[in-house]
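Hi everyone, thanks for coming.

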Amino acid sequence: MAGTGGPVFDAQRRQQMATAFLEGGDHYHKVRPGYPAESLDWLDELSPRPIRDAVDIGAGTGKYTRLLAQRQWNITALDPSADMLAQLAAELPQATTMVGTAEHLELPDESMDLAVVAQAWHWCDPLAASTEIARVLRPGGVLGLVWNQLDIGLPWVHRLARIMHAGDVHKPDFRPTVGAEFTAANPHHTHWSQLLTPEGIMELAKSRSYYLKANEPIRAKVMANLSWYLFEHLGHTPGETMELPYSSQTWRAKKR
């Protein structure tokens, strides 16, 4: 899986870890951040025509779907987890929801202008997913790959990411693997911050695949390390509002 971004797993391990997100949609929705509007503007600019139809693949509870829903587009949200999609449908009833994966889209040929995969491309087989997404995109349609990442350029955030086992922090030379059906992907970076309490950061760690798939002793160790780091080492107080810096990457490619 080198080059796909996020955790580096073989196919079997990738599928095993991805099952961590089949349940727990309510908690995920409460603690995970949204995405900067600048990300969607970057994707919209590449479309050769006004976008009418967009699909959010690996939509989860709708963190990126919220941005799509602000446009006057027909939105389809797809995810392997019915639990996650239930959260999305409750908040965004205008979106059509569908259980499925990037490799198997129950959508007609050339039915979409934009396909977005936010925080999920590293859970996909990138070549199989590229072929399937290209099938459902209209000629010149846009593929957007998006990652929210902790801004590890800041030393305290870098150490926090290591304690949280935040595996989706890319190396400087990262490029996502995209199939030959698409042009080379080009990136855009957005720096922003999520307002959280120290307790909120600890809850955020509980939504990570590493924590979800870990046994109880490992989970307890992660929480103890976070508590020490946030309260004792960094000196934050319970309930204090703090800024958690992010660097969002948005990659865009066009169907050939």
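This is a predicted model: local features need pLDDT of at least 70, side-chain atom pairs count only at pLDDT 80 or more; totals for chains, interfaces and linings use all residues.

I'll go through some salt bridges, then one arginine, then a pocket.

Okay, salt bridges. Side chains of opposite charge can pair when their charged atoms come close. How many salt bridges are counted here? The count comes to 12. I'll pick out a few.

Let's take Asp44 and Arg71. Their closest N and O atoms sit 2.8 Å apart, and that makes a salt bridge. Asp44 is in helix 3, residues 37–46, while Arg71 is in the loop between helix 4 (65–69) and strand 2 (74–79), so this pair ties together parts that are 27 residues apart in sequence. Are these two buried or exposed? Asp44 has a relative accessible area of 25%, so it's partly exposed. Arg71 is partly exposed as well, with 23%.

Arg252 counts as buried, at 14% relative accessibility, whereas Glu45 is exposed, at 59%.

Asp113 and Arg138 meet through their side chains in a salt bridge, 2.9 Å from N to O. Asp113 belongs to strand 4 (residues 112–118) and Arg138 to strand 5 (residues 137–150), and they're 25 residues apart, so to speak two distant parts of the chain being linked. Both Asp113 and Arg138 are buried. There's a network here too: salt bridges that share partners join Asp113 and Arg138 with Arg49, Arg52 and Asp53.

How buried is Asp113? Its relative accessible area is 0%, and under 20% counts as buried. Its side chain also makes a polar contact of 3.4 Å with the side chain of Arg49, and reaches the backbone nitrogen of Arg52 at 2.9 Å. Setting aside neighbours within four places in sequence, Asp113 is in contact with several residues, among them Pro50, Ile51, Leu137, Gly141 and Val142.

On to Arg135, which you'll find in helix 6, residues 126–136. Arg135 counts as partly exposed, at 27% relative accessibility. Which residue's side chain does Arg135 join in a polar contact of 2.5 Å? That's Asp109. Pro108 is 27 residues from Arg135 in sequence, with 8.2 Å between the two C-alpha atoms. Leaving out neighbours within four places in sequence, the contacts of Arg135 include Leu105, Leu107, Glu110 and Lys255.

Last stop, the second largest pocket. Its volume is about 160 Å³. What lines it? The lining includes Gln149, Leu150, Asp151, His170, Lys171, His189, Ser247 and Gln249. Strand 5 and strand 7 each supply at least two of the lining residues. By type, the lining divides into 4 nonpolar, 6 polar and 2 charged residues.

Methods: Residues are numbered from 1 along each chain as its sequence is written. Side-chain values use heavy atoms; hydrogens and water are left out. A salt bridge is a side-chain nitrogen of Lys or Arg within 4 Å of a carboxyl oxygen of Asp or Glu. Helices (H or I, at least four residues) and strands (E, at least two) are DSSP runs, numbered from the N terminus. Buried means under 20% relative accessible area, exposed over 50%, partly exposed in between (1.4 Å probe, protein chains only). On a 1 Å grid over the protein atoms alone, a cavity is a set of points where a 1.4 Å probe fits but cannot get out, and a pocket is an open set with protein on both sides within 12 Å along at least five of seven lines; lining residues have an atom within 4 Å of a point. Grid points are joined across faces, edges and corners, and a volume is the space filled by probe spheres set on the points. Ala, Val, Leu, Ile, Met, Phe, Trp, Tyr, Cys and Pro count as nonpolar, Asp, Glu, Lys and Arg as charged, and the others, Gly among them, as polar. Contact means heavy atoms within 4.5 Å. A polar contact is a pair of N or O atoms within 3.5 Å; within protein, one must be able to donate a hydrogen and the other to accept it, and residues adjacent in sequence count only if both atoms are side-chain atoms.
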